[in-house]
Structure formats: structure tokens, C-alpha cells
Amino acid sequence: MRFLPLFWSGIWRKPARTVLIFLQVSIAFALFGMLQGLKTGVDHASAAARADLLIVHSRLSFLAESLPSGLIEQINSVPGVKLVVPVDIFGATYQKPSDRLAVVAIGLVGDWPSAFTYTIAPDYVAALQKLRTSALVRKELADKYGWKIGDRIPLMSNTAQVSGSTNWAFDVVGTFTDSDVGGARYIIVINLAYLDEARVLGKGTVQHFNVAISDATQAATVADEIDRRFVNSPQETKTESLLELAQSQTQSIGDMNFLIRAIVGAVLAALLFATATMLMQSVRERSLEFAVIKAVGFTDRAVFLIILAEALLVCVAAAGFGLALATVVLPLTAIMQGLSMPTIVVAVGLSLAVAVALISAAVPAVLAARLRIATALASG
Amino acid sequence: MNFIRQFFGIVGINLSSAGQRLGSVLTIIIGVTCAVGVLVSMLAMGAGVRRQSMGDVREDPVILNSTGAFGSQSSIPRDEAVTARGLPSIKTGNAGEPIVVFDLMVPIEARRRVTGTRIFFPLIGTTPTFTQYRPEIRLTAGRMFQRGLHEFIANNPCRRQFSGFEIGDRRSIRGIDWSVVGHFDEGQSQQCILYTDVDILMSTFNRNTYTLVSAMLKTPADYGVLRDALQANPTLHLEVRHEREVVEAQLKQLKGILDFASYFVGAVMAIGATLGAVNSLYAIVDSRRREFGTLRAIGFGSGAIGAAILCESLLFALPGALLGGALAWALFNGLSASPFGYNFRLAVTPALGLIGIAWALGMGLMGGLLPALRAARLPVATAIRAN
């Protein structure tokens, strides 16, 4: 600790140079933090998806095919199943064709919110039950269009009503939030009973069932058992946990792994070279000073350590600053909501900073340690 | 004249003595190389998407979808589709029939060969005129699907990426065995696409509406005639768009994300490389103070010295740009990528090379400015005594 003033004066010997190196290291690690944080953060988020929630959909196609809502009884009878909720989804637009949103129609059975990743106030759950044309709006969507409770929102869709119209109107009775990281941002929840009654086509069918199970560790067994019940029937099903779905969804970002690694590699290579050159230059300029402190009794080892310590101090502080910056910026990226910087990325970043400092300071430090006092003093 | 002679003189000295300052010079070159390399390889994604999807787009095909619907949500009743066949200005095919194609798209699930991950892509039911509507389709193996049979053809990217698409492979769709009878290439596309007979697909999936109706115009200029005829007919609830517009609308978001990410990462790296260049050039100027002081003392202008430093910075950035572009090309050109489930090959084009060079010169200019000022402003008296 008593050497701190020495390091400090060494670091600030050329303030402009130190500030530039500090910024360069910060920027490199801010970029590292953002890219790696995005990748690892998405992986973590998908790994945290609920394993006790199964989605039962048609084996033919998740998107295009529907299932008869009557399957609910058979799914309910599978051991381990706690609750089955039928769900249908259709796309709609508000005012402009580009104002797209998804309408999620839910069969309001039992404690249905427990089979979703939504967080809904109990009052709103009750309100949805009460009014047939009611809708709950995801917070982000309500904020986007300034919708408030009591508003009646007109939507356009391709789903025709019995009256022939493809326009729908819903009464906003509440808002909710969704913790599913991969979930669509702009969604409203409506009453499936109302949709089924009002539409012309697809009556009595749903897009999928949400199934809550009692034991998350049994997810695979329960899923297989559900699918087994419908084998060779006209409605073969495919059951997957939310965890599996999230993982296959984030896989597409995983395809970018190679690119992310290449960028991080390029950033670190450029950085390493820059810091090494700068330290070399600095030690060369200070050879007279090192000769003097050696003359007053500092050992070779001490000089070696002083240079390493200076490099470490600057690199780690700068990397910390850069990573802090990335931590602040990361949640603002629009790719995924609620993304936060994983601690592991910060830890790896700081260790990389230590490695960069040690590697780039090694040669200059050895040179300074081996400095011969007489020669250095004479050349000055 | 004097300024120019002095300037070239100093640049000459600088370059001939660059070997003595190898570390600083390499720092600039490597920094610029990495920044340009990353920028160009990332932009290559956007360029790849564009080349693949816009490469095959012509001006004469138009696409009709139901009013207000986007993409696969469009649904066109049979009678409207048949009426659309009689619209004016549509080119006629070999047998005198209008080149109008009725398509039904159904998403199909497949598993990736290596990772086993699930992905969706369209099975497109189409009518016989589609080979005239899409002349770029080339069968590479097997034969065309036959009408009324449960069989389809798959494109080669599909066969390469997914399992179960070799000729003769069977696949259960709606409990019926479908077989793969042919492979084809369609222009640049790397997206997985399957074609089959539209009637068999409609009966399999119990549909009686088409997703899209596509038509070939006699000449691109006939677009207005077709659109007016469409609007004049109250029984048709269709809108018409150029194929180009449809493709561009589909890609807008993806390309926006890719380009934003490219320029963001590229800019951050450029700032880092510029800082490195500033530092290196400062070091160069500092270590040569006596030299510059001497030059000033024997009559060289400060402007010439500053300009020479700036020029040096630009000259060191240039090999960095070329190297970075070359590395990006060697490592990433033609590489298959599928971010967000969209398949394409990265394309490192000459235009991207130029962007990379411009980017590098920008870094060189920004990086050289302050050190050049310092070199120009060195007080002669103290500079000469510097060690």
C-alpha cells in the first residue's frame, strides 16, 4: 500500500497517454461486455424459463394447425397434470397496418393465470371473467398507445365474425406483465368463450393448450404421456415445456456465436497490441527514473512489480468502467426485454483485463528489471 | 510550391524511418485492421441478405393479397382468385394461358441436421404455371411433382441443412405419407422452400382459400393498369404490390437490425482504434521532438510538419483497411449464417471494401489531427534541446 503514491505518479506521468489508454481499454471491454452479455444473458434467460409449463400443440405444425378444444378432458386425465387451459391466438392490427399485435384468447378455467408467465392483479382476472368483450393489455402495449382501463379498442383482423365483419372491439379492463423473455411484446388477452361464439370459422378449435404440471422434474414424462394418448388419432399432438421452446427459440442467436467470438477476439488482439506498445514506449522513456530508484535501493524485483502493478491498475479500472457501461446499456437493447448483465461475464471480463495487463506489461517489466543502473544513467 | 516540397520531404523522412518505430506503426495498422475487418464482416450479413433476396427480383411479377393482410395471414377465396386470372395486362404463357399462380403456404416443421433444433419453413402449394412465373427454378435431381399426388420437391439448401429431404424420403403430413421427388435451385435463395400441387395441399389441410395470387405483367409499366382494374372491381378484395415491395417489406426489419448492429459495433471499434492511433502518433511526435525542432530551425514551416504527420496517419490507416477487408473476405465471404432463423450467405462485396477504406481514412484523419497540431506547435527552442 505504501507504494501506491509511486504507482500513482507513474500512471499520471503522461496524463494524456493514460487517459487515452484508459478509454481504449474501457471501450474494448464495454464492447466485450455487450456482445458477450447479450449472448450469455439470452442463454441464461432461456434456461430460467419455466419447466413446469407444457404447451400442447398439433404435431403437424405449431403455427398453422388447430386442435379440437375437446381434447382438454383427455389431457386433464394424464397423471401429474394440474391444470389445462385452452388458448387460441390470432393477429390483428390497430389504426395502421403496421400497428400489429397478437390477440391471445384464453379459456378462463380454474386458476388459469398459474398456467401462464403473466403477472395479473386478481381484480383484473375477475374483471376479465365478468365482461365478455373485455381484454387485458400487456403493459408495454398499453403504454405504446396510451390505452387506459375503460377504453374500447377497435382492431382489424382476418378472423371473421358471424356478422361478416372482420373488425373487433374489446374493452380494456386491466393490464398485465409477462416474465417470458421470448414472449411477444404486443399482446392482449381476451375471453376464449367470447371469441369462439363470435367467429365464423374454427369454432370449437384452439391453437394450443397450456398445461401446468405439479412436478417440474416430471415434465418429460408427462409430455410423452400426453402425446402417447393421441398417437394415431387424427389429432396427433406435440408437447413441449416452455423451457424447451425457449431454448430452441434462442438457438437462432446461438448461431451468431462464431461471429461474436471473432469480434471479441479482434477487439482483444488489437487492444493487447496497443497496450503492449504503449507500455514499452513508457518504460523506454522512463529508463532514467528506473535507474534512479534502483540506485536508491529498489530491487530488480520491485521495479518489475511496480510496472506490472501500474498496468494492472489502469487495465482493471478501465475494464471495470467499460463493463459498468455495458451493464447500464445492455437492458436497453431491444432484442430481448428484461435482459441483465450476467455476473459471469463481468468476472470473465475482469480476468481478461488482468491477462491483458500482465501479458502486455511482461516484456517492458523484464526490460526495466534488467536495466543496468550505470548504462541507463550514462545514456540519460 | 515551397510548402509542397517541404511536405513531401518530411513525409519521405517519416516513411523511411518508420521501421525504427515499428511498435507504434503496427499498433495503428493492427487497430485499423481489426476495426475495419469487424465492420466489413458484419456489414457482409446485411449485404448477403440483400443479395440473396433482391438478386432474383424482377420488375414484372406482382403479388396480390387480401386487402390489409400481411404475409401468410392473407386469404383469397377461390372465386376471387379465378376472377383475378382475367385481369388485364397479364402476360400469357406458352399455351396462351395467363401467367397467374395461386399459392397456398403452410408452415412445416423440420429439424436441423447438426443441432437437431426445430425450424419452420413454408410448404408452398402452387399451380402448373409457376414454372413460367419463376423461370429461375432449375431441377437439379429427380423430377417435378405431379398434380394430384402427395409429393413435393425441395430446394437444395433445404436438403443440405435439414434431415429427411433426400429423394425418396417420406414425411408424414396430416397423417398422409408424402414423398420427396425432386431437388431444385431457385436463384440465390438459401431459405428452405418446398413446392407441391396446390389442390392436393388444400384438400389435405381442409382449406378453400389461397394465400397469395401472383401474376406476371406484360411489361413493368402495366402495373398501373392492373391496379386500376383491381380497384374498379368491387367483388375483389385484393391489393396488388410489386414483388420487390413485398420482399423489401419482409426484409426491412432484419436488415435494419443487422445494419444497426454492424455500424454500432464498427463505430465502437473505430473509436477504440482511433484512440490507439492518437496515442501512437503522440508517442511518435514526442520521440521525434528534436528532429522536428531541427527541421523548424532550418526553415521548414510548421504547417508542412503538421500536414506530414496527418498524411502519415492516413498512410498507416490505409494498409489496415486493405488488410481488414481482405481478412473479412477470407474468413467470412460465402459463410452460411442464420441469425433469427433466416438463412443466407455472407457477401463481402467491393462496395463494402470501399466503405471499409472510407472508415479507415476517417479513423486516420481523426487520429492524426491532435498529434499533427502538437507537432506543428512545438516550440522550436525547447524542442531542439529535448532528448
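A: Start with the domains of chain B. The C-alpha centres of its domain 1 and domain 2 lie 49 Å apart. Domain 1 of chain B covers 2-54 + 251-385, and domain 2 covers 68-236; such bounds come from an automatic or database domain assignment. This is a predicted model: local features need pLDDT of at least 70, side-chain atom pairs count only at pLDDT 80 or more, and totals for chains, interfaces and linings use all residues. Residues are numbered from 1 along each chain as its sequence is written, while chains are lettered from A and ligands numbered from 1 in the order in which they are written.

Q: How many residues does each domain of chain B give to the contact?
A: Domain 1 of chain B gives 7 residues and domain 2 of chain B gives 6 residues. Two residues are in contact if their C-beta atoms, placed from the backbone, lie within 7 Å. On the domain 1 side, helix 2 (22-54) and strand 14 (344-345) of chain B are the elements that give two or more residues. Helices (H or I, at least four residues) and strands (E, at least two) are DSSP runs, numbered from the N terminus. By class, that side of domain 1 of chain B has 1 nonpolar, 4 polar and 2 charged residues. Here Ala, Val, Leu, Ile, Met, Phe, Trp, Tyr, Cys and Pro count as nonpolar, Asp, Glu, Lys and Arg as charged, and the others, Gly among them, as polar.

Q: Is chain B spread out or a compact globule?
A: Chain B has 12 helices and 14 strands. Its radius of gyration is 30 Å, well over the 21 Å that the globule rule gives for 387 residues, so chain B is more spread out than a compact globule. The radius is taken over C-alpha atoms, and the rule is 2.2 Å times the number of residues to the power 0.38. The C-alpha trace of chain B spans about 95 × 50 × 30 Å along its principal axes.

Q: What about chain A?
A: Chain A has 13 helices and 12 strands. Its radius of gyration is 31 Å, well over the 21 Å from the globule rule for 380 residues, so chain A too is more spread out than a compact globule. The domains of chain A are domain 1 (4-47 + 253-379) and domain 2 (53-214). Their C-alpha centres lie 51 Å apart.

Q: How do I read a helix pair?
A: Two packed helices are described by the angle between their axes and the distance between the axes. Axes are lines fitted to C-alpha atoms, for helices over the stretch in contact, and angles run from 0 to 180 degrees between N-to-C directions. In chain B, the axes of helix 10 (residues 302-332) and helix 11 (residues 350-377) come within 7 Å and cross at roughly 150°.

Q: At what angle do helix 2 and helix 10 of chain B cross?
A: They cross at roughly 40°, with axes within 7 Å. Helix 2 of chain B and helix 10 of chain B are therefore oblique to each other. Their contact has 18 nonpolar, 6 polar and no charged residues.

Key
Parallel < 35°, antiparallel > 145°, perpendicular 65-115°, else oblique.
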